[in-house]
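My entries follow the order in which I checked them.

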Amino acid sequence: MNYFPIFLPIENKNIIVIGAGNIAARRAAALLPFGARITVVAPEIGDKMEELYKIYRPDERMVILKRKYKKGDAKGAFLLLACSNDEKTNEEAVREAREQGILANRCDRKEDCDFYFPGIACEGDIVAGVTACGTSHKLAKQATERIREVLHEEFGQEGK
């Protein structure tokens, strides 16, 4: 199945991230430059997430709740990213999100996602999102890198 690409305004929107490992940190890092407000719920915080927190905590765009996910954590979220290393936790978080009409992405089970997380290529006001519809992260990553190169060559500082 192919997915329709859609661009959503996320500035000042609350996004809940369950988990704080490498995948969660990569996804939070992709969202934060677009003005999202991130709440991370995880009993342990990985180094990459800790680095993001140091950058975005001063302007109150990131909060870390150092504990396990519990029902009610998704309340008021715009999006939920279930990125924990516990399948049951991810399942419960996605279920809660759907009960509240919140779009959810689950890192460990693509067939249980309301949307895929794209590769992102930006240059100035141009933003491109890339997906291989969940079939090949490697292919999507390669395409994203190539698009970044082209955007930089055509529209970057050197091209002006």
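I began with the cut-offs: buried means under 20% relative accessible area, exposed means over 50%, and partly exposed is in between. The model is predicted.

**Entry 1: positive phi**

I looked up Asn12 in the segment before E1. Its relative accessible area is 45%, so I logged Asn12 as partly exposed. Asn12 is not a glycine, yet its phi is positive, about 65°. Most residues other than glycine have a negative phi.

I then went to Glu60, in the loop between H2 and strand E3 (62-65). Glu60 also has a positive phi, near 60°, and is a residue other than glycine. Is Glu60 buried or exposed? I noted a relative accessible area of 63%, so Glu60 is exposed.

**Entry 2: H1 against H2**

I checked how helix H1 (residues 22-31) meets helix H2 (residues 47-56). Their axes come within 8 Å and cross at roughly 30°. That angle makes H1 roughly parallel to H2, because angles under 35 degrees count as roughly parallel.

Which residues make the contact? From H1 I listed Asn22, Ala24, Ala25, Ala28 and Ala29. From H2 I listed Lys48, Met49 and Leu52. I sorted the contact residues into six nonpolar, one polar and one charged.

**Entry 3: the buried face of H1**

I listed the buried residues of H1 as Ala24, Ala25, Arg27, Ala28 and Leu31. Seen down the helix axis, they fall within an arc of 165°, so they line one face of H1. I then asked what they pack against. The partners are strand E1 (14-18), strand E2 (37-41), H2, strand E4 (79-82) and strand E5 (103-106).

**Entry 4: H4**

I tested the length of H4 next. At 1.5 Å a residue, its 19 residues should span 27 Å. The end C-alpha atoms are 26 Å apart, which agrees.

Which residues of H4 are buried? I found Ala140, Thr144 and Leu151. They cover an arc of only 40° around the axis, so they sit on the same side of H4. The face turned away from that buried side carries the exposed residues Lys138 and Glu153. Strand E6 (119-123) and strand E7 (126-130) are among what covers the buried residues.

**Entry 5: Thr144**

Technical notes:
Residues numbered from 1 in each chain as written. Predicted model: local features only at pLDDT ≥ 70, side-chain atom pairs only at ≥ 80, totals over all residues. Heavy atoms only, no water. Axes fitted to C-alpha atoms, helices over the stretch in contact; angles between N-to-C directions. Helix = DSSP H or I, 4+ residues; strand = E, 2+ residues; numbered from the N terminus. Parallel < 35°, antiparallel > 145°, perpendicular 65-115°, else oblique. Contact = heavy atoms within 4.5 Å. Nonpolar A, V, L, I, M, F, W, Y, C, P; charged D, E, K, R; others polar. Buried < 20%, exposed > 50% of the residue type's maximum accessible area, 1.4 Å probe, protein only. Arc of directions from axis to C-beta. Expected span 1.5 Å × (residues − 1).
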